[in-house]
Amino acid sequence: MESFFEGLTSANNAVNSAIWGTVGLVLLIGTGILMTVLTKFFQVSHLKLWWTSTIGKMFSKDTHLKNSKAISPFQALCTALAATVGTGNIAGVASAICIGGAGAVFWMWIAAFFGMMTNYSENVLGIFFRRRNKNGEWSGGAMYYLADGVGSKKGLKHLGKILAVIFSVFTLLASFGIGSMGQVNKIVLNVESAFSIEELENIEVFDGVSLYPVIIGIVIMALASLIILGGLKRIAAFAEKVVPFMVLTFIAASLTIIVVNYANILPAFKAIFTNAFNPVSAAGGGIGYLISVVITQGFKRGVFSNEAGLGSSVMVHSNSSVKEPVIQGMWGIFEVFADTIVVCTMTALVILTSGVYNLSTGEIAQGASDATLVATAFNSVFSFGNIGEKFIAVAMFLFAFTTVLGWSHYGTKAWEYLFGTKSTVIFKVLHIITIFFGAVLTSSLAWDISDTFNGLMMIPNLIGVVILCPLVVKVTRNYVDRKVKHKRLQPVQSFFPEYQSYDDDDE
């Protein structure tokens, strides 16, 4: 098995380098910049609109409106956040700082700023091109706006369908990487570190893998089975209850550490902005090379965290009960804001203010790694009985576990597109099985595989967003003219006439 993992690592490194090179990053950030410019900086110019339409309506009836065939906008957000708020917000931020320095956080922010409009555009297209499946449920995602949207363009019919299939295949692979193996791997590392059980760790099962991670993997598989096999309704109901609690608790705990180390707040921000263009690296290297590393890590970990550009969260946003594409698009903006600008920033400041990362040399605390750096930072304040480390282990479990659930839905929709609705249970079983592999894979390999699958998903999706950008602008303008400028216009809500004005009561 060791030789198999070595071969897998070599092959993955080759593909990863090609995808996350200059072309991939230009396509990723370039799409966000394009949609930002074309929508006249919607995330800024209409800040009040999207803020009041999302978090401002948290207690509105419409926000929690659901029916037998659709979930509520809030459930869609929580399920999307369940998939995005995962190990990328804890271990991913730590990894970015360990490799790229404090400056990587700045480039995460940049990726998130433009990613807001990428995610917005994906969700607008997702609602616009969604349709009912054989069970009467909504099915939407990049595969549909690639096949029907790009495919409707002159001379692009076959290209649209090919891109849709490619995207669906990559989504299946990504659901096994970012949506399963990468998440579970970090759970295991943090649980083993915080709740050490030597009796289990000393029992070797195979090739250096102890009984402890095997047991953890089996337990997670069992818990995931109870929810995943119940379908989206059960996943959304679980996410709606757990996600707000875990995010708010993590923010509160992080703020406590930051306040305790208040004297380091300004130096931390200074390091973020300074090192973004003048990086510090204990390993050395030319300034040009170091800057490229900082930017790459910031962008990659930003995308890993908020998934803007992957076309992933649109598959759950499309199950929302809303009619207006722009409304769910604005929830997409808030999703990226909450995930990266809020949660990732909290993690970064905890690391940079607690002393576990040397702002001058770029060195991390002795004995810490990217997987345990945040736990070490929390332990610096909550040290009694290693409460800080245990808290992060529990937080990591909840963050990663909900991501596994969210991505099971993404993979299910990709499978549905490729093989039909009736056979989706096959994918769900396969997805649950991959949880075990995540428990026994090495940390770097599981993480790198996730990065690779992210990139593979990103390419066809962003091609579709760029080709369909005029439609996003048209739908956005129509909504703003009607709702903000109060013009009397016919709504532009769906590609299909039968969904242009449907009755929720008939569902």
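Reply: His-486 is placed in the segment after helix 21. Helices here are DSSP runs of H or I with at least four residues, strands are runs of E with at least two, and both are numbered from the N terminus. The model is predicted, so local features need pLDDT of at least 70 and side-chain atom pairs count only at pLDDT 80 or more, while totals for chains, interfaces and linings use all residues. Residues are numbered from 1 along each chain as its sequence is written, and side-chain values use heavy atoms, with hydrogens and water left out.

Look at the backbone of His-486. His-486 is not a glycine, yet its phi is positive, about 60°. Most residues other than glycine have a negative phi. Is His-486 buried or exposed? His-486 counts as exposed, because its relative accessibility is 63%. The cut-offs are these: buried is under 20% relative accessible area, exposed is over 50%, and partly exposed is in between, with a 1.4 Å probe and protein chains only.

Lys-40 also has a positive phi, about 55°, although it is not a glycine. Lys-40 lies in the loop between helix 2 (22–38) and helix 3 (42–45). Its relative accessibility is 67%, so Lys-40 counts as exposed.

Now to the aromatic rings. The structure holds 29 aromatic pairs. Rings of Phe, Tyr and Trp (its six-membered ring) pair if their centres lie within 6.5 Å; planes under 30 degrees apart are stacked, over 60 edge-to-face, and the rest tilted. Take Trp-51 and Phe-334. Their ring centres are 5.9 Å apart and their planes stand at 65°, so this pair is edge-to-face. Trp-51 belongs to helix 4 (residues 47–53) and Phe-334 to helix 16, so the pair links distant parts of the chain, 283 residues apart. Trp-51 is partly exposed, at 37% relative accessible area. Phe-334 is buried, at 9%.

Which pair brings us back to the segment after helix 21? Phe-495 lies in that segment and Phe-129 lies in helix 7, so their pair ties together parts that are 366 residues apart in sequence. The ring centres of Phe-129 and Phe-495 are 5.0 Å apart, with planes at 40°, so the pair is tilted. Phe-129 is buried, with a relative accessible area of 2%. Phe-495 is partly exposed, at 35% relative accessibility.

Next, the helix that holds Phe-129. Two packed helices are described by the angle between their axes and the distance between the axes. Helix 7 (residues 103–129) and helix 16 (residues 325–354) have axes that come within 7 Å and cross at roughly 160°. Axes are lines fitted to C-alpha atoms, for helices over the stretch in contact, and angles run from 0 to 180 degrees between N-to-C directions. Helix 7 is therefore roughly antiparallel to helix 16. Under 35 degrees counts as roughly parallel, over 145 as roughly antiparallel, 65 to 115 as roughly perpendicular, and the rest as oblique. The contact of helix 7 with helix 16 has 19 nonpolar, 8 polar and 1 charged residues. In that sorting, Ala, Val, Leu, Ile, Met, Phe, Trp, Tyr, Cys and Pro are nonpolar, Asp, Glu, Lys and Arg are charged, and the others, Gly among them, are polar.

Helix 16 leads on to a loop. Gly-362 is found between helix 16 and helix 17 (373–379). Gly-362 is buried, with a relative accessible area of 14%.

A cluster joined by ring pairs contains Phe-106, Trp-107, Trp-109, Phe-269, Phe-273 and Phe-277. What lies over the face of Trp-138? Arg-130 does, at 3.9 Å from the ring centre. Arg-132 lies over the face of Trp-138 too, at 3.7 Å from the ring centre. A charge sits over a ring if NZ of Lys or CZ of Arg is within 6 Å of the ring centre and within 35 degrees of the ring normal.
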